[in-house]
Amino acid sequence: MSGSIAGAQKIAARKAGVAFEVYTDALKRGHKWCWRCRTFHDEHVFGRDRTRYDGRGSSCLQARRTAKVSGVSLLAKALGVGRGIRP
Ligand SMILES: [Zn+2]
C-alpha cells in the first residue's frame with residue numbers, strides 16, 4: 001500500500017506548495033503539513049482522523065480550535081450579536 005501513500009503525499013505536497021522531497025523529509029522527521037497555518041508542525045499537535053490516509057487531521061488542533069471560534073463569531077455577526085463592537 002506504500003504506492004498509494006506516496007501518491008497521496010505527492011498530492012499533499014503539491015497542495016502545500018512545497019517540493020515532494022521537502023514534504024517527505026519533514027514527514028520522516030515526524031513533522032506534518034498544516035494547511036491552515038501553511039507550515040509544518042510536530043505530528044503530535046494534530047488530532048486523530050481515521051478517515052485520512054495517515055490517521056491524522058489535516059490541520060493542527062490549535063488552528064482547528066481557532067477556526068471553530070471564528071466560525072462562531074461569524075455566526076454571531078450574521079445574527080447581529082455584538083453589532084457596534086467594530087466600526
Ligand atoms: Zn497549524
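Which residue takes a positive phi in the hairpin of strand 1 and strand 2? Arg38 does, with phi near 60°, in a hairpin that has 4 residues between the strands. The model is predicted: local features need pLDDT of at least 70, side-chain atom pairs count only at pLDDT 80 or more, and totals for chains, interfaces and linings use all residues. Residue numbers start from 1 along each chain as its sequence is written.

The protein chain contains 3 helices and 4 strands, where helices (H or I, at least four residues) and strands (E, at least two) are DSSP runs numbered from the N terminus. Along the sequence the elements follow the pattern α-α-β-β-β-β-α. Of the 87 residues of the chain, 9% count as buried. A residue is termed buried if 20 or more other C-beta atoms lie within 10 Å of its own, exposed if 12 or fewer do, and partly exposed in between, with C-beta atoms placed from the backbone. Two residues are in contact if their C-beta atoms, placed from the backbone in this case also, lie within 7 Å. Among contacts between residues at least 6 apart in sequence, 17% join residues at least 24 apart.

Strand 1 (residues 31-34) and strand 2 (residues 39-42) run antiparallel and are joined by 4 bridges; strands are taken to pair if DSSP finds at least two bridges between them. Within this pairing, His31 stands opposite Asp42, and Lys32 has His41 as its bridge partner.

The loop between strand 1 and strand 2 holds Trp35 and Arg38. Arg38 is a residue other than glycine with a positive phi. Most residues other than glycine have a negative phi. Arg38 is classed as exposed because 12 other C-beta atoms lie within 10 Å. Trp35 has 13 other C-beta atoms within 10 Å and is therefore partly exposed. Leaving aside neighbours within four places in sequence, Trp35 is in contact with Ala16, Ser58 and Ser59. The C-alpha atoms of Trp35 and Ala16 are 6.8 Å apart, with a separation of 19 residues in sequence.

Gly17 lies in the loop between helix 1 (2-16) and helix 2 (20-28). With 9 other C-beta atoms within 10 Å, Gly17 is exposed. Gly17 and Arg38 are 21 residues apart in sequence, and their C-alpha atoms are 9.2 Å apart in space.

Gly57 belongs to strand 4 (residues 56-60) and counts as partly exposed, with 19 C-beta neighbours inside 10 Å. Apart from residues up to four places away in sequence, Gly57 touches Phe46, Gly47, Asp49, Arg52 and Arg64. The C-alpha to C-alpha distance between Gly57 and Lys32 is 9.7 Å, at a sequence separation of 25 residues.

The largest nonpolar core has 6 residues: Ala12, Tyr23, Trp33, Cys34, Phe46 and Cys60. Such a core is a set of buried Ala, Val, Leu, Ile, Met, Phe, Trp, Tyr and Cys residues joined through C-beta atoms within 7 Å. In soluble globular proteins, nonpolar side chains tend to be buried together. Not counting residues up to four places away in sequence, Cys60 touches Cys34, Cys37, His41, Val45 and Phe46.
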